[in-house]
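This report describes the architecture of a single protein chain, from its overall composition to selected residues. The sequence and model are shown first.

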Amino acid sequence: KDLAYRDGRHPDGVEFADEPTDARRRDFTVNALFLDPLTGVVHDHIGGQADIAKKMIRAVGNPRARFAEDYLRMMRAARFAATLQFEIDPETFAAIAANAGHILTISIERVQQELTRTLLEAPHPGAAIELLSALGLLKFILPEVEMLRGQEQPPQFHPEGDVWTHTIMMLNSMRRADLHLAYAALLHDIGKPGTARLKDGRLRFDCHAGVGAQMAGSILKRLRLPNDDIKA
């Protein structure tokens, strides 16, 4: 049993308790199951098996209280939902949206680890980025990517739509996830919003590749990726 949380991550102390009490301190119901290693029997005190059957990510108890204990759990909810292709329980979803700004209180290294795992483990990484945006997390983690939404492109070259749609489609088209490929796809057009100009009746993005390369380097440094990965 955890005692009070004062720093948004670590409890002031812990006490030994029983299984149901321990289950109530977990993040999501699907992670609050106990397996008897001798019999193979699953002990479920919190409805985790029912949520697995419903393909639902649901916070244990009060979602705002669970996230206040560690706001990285908001990113974990998105990763689990995207990776397992589950839905997020509406109350849990609302609690994340209401507290999304608190993700800035978490070390960028921990945030980057969750983001990287999401990009590499989700069957549809583009859909995962859309989920992070819908939850309100993306604008705090990667505001430059959020700005791709609504940036028009010449329809003769990009009939699929704006830069956001193009980027999401590229991420979803990755056949085998790779760290370099995933971040390259995510950031390959990051320079377009800042270079968009209407010239001779046509929308142009002069020098957007060079501008985007500089922006990508700055973004990846901010995310604390290793220098070798940034260079790659």
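## Overall architecture

Two residues are taken to be in contact when heavy atoms of theirs lie within 4.5 Å. On that basis, among contacts in the chain between residues at least 6 apart in sequence, 63% connect residues at least 24 apart. The model is a predicted one. Its chain contains 14 helices and 6 strands, and the C-alpha trace extends over about 70 × 35 × 35 Å along its principal axes.

## Surface and charge

Of the 232 residues in the chain, 44% count as buried. The accessible surface amounts to about 12,400 Å², and carbon and sulfur atoms account for 53% of this area. There are 29 positive and 31 negative side chains, and a distance of 4 Å separates the centres of the two sets.

## The nonpolar core

The largest nonpolar core comprises 50 residues, and Leu 115, Ile 129, Leu 137 and Val 145 have the most contacts inside it. Elements that supply two or more residues to this core are α4 (73–84), α5 (90–99), α6 (108–121), α7 (125–134), α8 (138–141), α10 (163–172), α11 (179–187) and α13 (208–222). Helix α4 provides the largest share, with 6 residues.

Which residues surround Val 145, leaving aside its neighbours within four places in sequence? Its contacts are with Ile 129, Leu 138, Trp 164, Leu 186, Leu 187 and Ile 190.

## Aromatic pairs

In one of them, Phe 28 and Phe 80 adopt an edge-to-face arrangement, with 6.0 Å centre to centre and 85 degrees between the planes. This pair links distant parts of the chain: Phe 28 belongs to the loop between α1 (19–23) and β1 (33–35), whereas Phe 80 is in helix α4, 52 residues apart.

Both partners lie below the 20% limit for burial: the relative accessible area is 0% for Phe 28 and 15% for Phe 80. Ring pairs join Phe 28, Phe 67 and Phe 80 into a cluster.

## Residues with positive phi

Most residues other than glycine have a negative phi. Gln 85 has a positive value, near 60 degrees. This residue is located in the loop between α4 and β4 (87–88). Is Gln 85 buried or partly exposed? With a relative accessible area of 49%, Gln 85 is partly exposed.

Arg 224 also has a positive phi, near 65 degrees, and is situated in the loop between α13 and α14 (227–231). Its relative accessible area is 49%, so Arg 224 counts as partly exposed.

## Glu 109 in helix α6

Glu 109 is part of helix α6. Its relative accessibility is 36%, and Glu 109 therefore falls in the partly exposed class. Along the chain, Glu 109 and Ile 141 are 32 residues apart, while a distance of 12 Å separates their C-alpha atoms.

Key:
Residues are numbered from 1 along each chain as its sequence is written. This is a predicted model: local features need pLDDT of at least 70, side-chain atom pairs count only at pLDDT 80 or more; totals for chains, interfaces and linings use all residues. Side-chain values use heavy atoms; hydrogens and water are left out. Helices (H or I, at least four residues) and strands (E, at least two) are DSSP runs, numbered from the N terminus. Buried means under 20% relative accessible area, exposed over 50%, partly exposed in between (1.4 Å probe, protein chains only). Accessible areas come from the Shrake-Rupley method with a 1.4 Å probe; for residues, only the protein chains shown count as cover. Lys and Arg count as positive and Asp and Glu as negative; His and the chain ends are not counted. The place of a charge is taken as NZ of Lys, CZ of Arg, CG of Asp or CD of Glu. A nonpolar core is a set of buried Ala, Val, Leu, Ile, Met, Phe, Trp, Tyr and Cys residues joined through side-chain atoms within 4.5 Å. Rings of Phe, Tyr and Trp (its six-membered ring) pair if their centres lie within 6.5 Å; planes under 30 degrees apart count as stacked, over 60 as edge-to-face and the rest as tilted.
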